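I am opening a notebook page on this model. The entries below record what I looked up, in the order I took it.

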Amino acid sequence: MDNRKESRSPYKTIRDYAIITVAILMGTVGWTLFLLPNQITMGGITGIASIIYWGTGIPAQDIYFVVNALLLIAALKVLGWRFCIKTIYAVILFTIASTLIQHYTSGSGMLSDQKFMATIVGGVFMGISVGLGLSAGGSTGGSDVIAAMIHKYHDISLGHVILFCDLAIITSSYVVLHDWEKVLYGYVLLFVISFCVDSVVNSLRQSVQFFIVSDKYEELGQAINGIANRGCSTLNGNGFYSGKDIRVLFVIAKKSESSIIFDLIDEIDPNAFVAQSAVIGVYGQGFDTFKVHKHGLAKARRKLDEMNVG
């Protein structure tokens with residue numbers, strides 16, 4: 001397909017930072033109001049900061065900021081300035097917002113008499129926060145950065161990477177809390193966050209395909225190229241019943257762009273025949289990139305060589 005590469009417009013940059021801002025504020029609320037005051041441990045740098053805070057009294061947001069600063073220095077080479085600048089913005093905003101919330105709430109939390117509900121609510125806030133941050137090309141720091149570095153080279157679920165990175169941190173909280181019940185709440189929290197991260201990221205990456213039959217296919221194709229900023233291919237066909245030669249536009253787009261394409265079709269040719277369906281994965285030319293496992297590729301080549309020899 002002749003998809004054009006997506007440009008880094010000022011609108012997209014502003015949109016990304018707006019999404020990151022909302023994500024950080026949600027994560028701050030989940031951590032400072034539901035998790036930290038109720039001594040519910042989460043993974044990542046926030047979990048480490050929480051454990052040190054409960055054990056020493058050092059402000060958790062200060063620990064969070066320092067450790068993330070060191071981690072981001074290591075991530076610059078792998079993820080590049082574009083990702084890290086957004087993450088630096090997220091880390092600074094998270095530190096400031098959590099400091100302000102703790103100051104105005106005097107460290108008191110919500111649902112203090114309902115630990116399980118605090119775990120679920122806090123986990124949903126944190127999971128959505130992480131998922132939105134990653135979808136906008138940034139992160140909230142901590143294990144999100146590690147997950148993003150691994151996901152760049154391997155086709156592994158972001159939620160699963162975060163899950164395995166954080167299990168040890170939650171288990172180690174027993175050293176400070178001396179309460180296995182709170183550790184179990186941490187495990188529940190981890191699964192809630194993992195589920196929410198995958199749900200948010202996958203929903204935002206969903207793609208759809210269109211087959212459009214229209215006499216005004218040229219005008220529609222130009223509009224989809226120029227306004228929806230999506231490429232399309234023209235397929236030659238023949239109407240079996242009518243016996244007429246037809247042109248079919250084949251378009252792949254993000255699910256969020258479907259309404260724009262439908263608006264263009266309705267404006268240019270309301271009588272067009274349109275078939276839309278969901279696709280499992282789209283790679284290359286403005287969509288996801290291929291992630292090939294070297295071990296699996298070598299195994300496939302060996303099998304191919306054996307077939308050729310046979």
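I count two strands as paired if DSSP finds at least two bridges between them. The model is a predicted one. By that rule I looked up β2 and strand β3 (residues 245–254), which pair in the antiparallel sense over 7 bridges. In this pairing I found asparagine 238 opposite aspartate 245 in β3.

Next I took the whole sheet. I read an open sheet of 4 strands, ordered β2-β3-β1-β4, with antiparallel pairing. β2 (232–238) and β4 (273–279) are the edge strands, each pairing on one side only. From one strand to the next, the twist averages 20°.

I then checked which helices pack on the sheet. α9 touches β1 (207–213), β2 and β3, and its direction makes about 15° with that of β3. α10 touches β1, β3 and β4, and its direction makes about 10° with that of β1.

How do the axes of α9 and α10 cross? I noted that the axes of helix α9 (residues 217–226) and helix α10 (residues 258–268) come within 10 Å and cross at roughly 145°. The crossing is right-handed. From α9, Glu219, Leu220, Ala223 and Ile224 meet Ile261, Leu264, Ile265 and Ile268 of α10. By class I logged 7 nonpolar, no polar and 1 charged residues in this contact.

Last entry: glycine 122, in helix α4 (residues 115–135). Is glycine 122 buried or exposed? I list glycine 122 as buried because its relative accessible area is 0%. Beyond its neighbours within four places in sequence, glycine 122 contacts Gly30, Phe34, Leu35 and Leu189. I also looked up valine 29, which is 93 residues from glycine 122 in sequence but 7.9 Å away in space, C-alpha to C-alpha.

Definitions and conventions:
Residues numbered from 1 in each chain as written. Predicted model: local features only at pLDDT ≥ 70, side-chain atom pairs only at ≥ 80, totals over all residues. Heavy atoms only, no water. Axes fitted to C-alpha atoms, helices over the stretch in contact; angles between N-to-C directions. Helix = DSSP H or I, 4+ residues; strand = E, 2+ residues; numbered from the N terminus. Left-handed = near helix turned anticlockwise from the far one by under 90°. Contact = heavy atoms within 4.5 Å. Nonpolar A, V, L, I, M, F, W, Y, C, P; charged D, E, K, R; others polar. Buried < 20%, exposed > 50% of the residue type's maximum accessible area, 1.4 Å probe, protein only.
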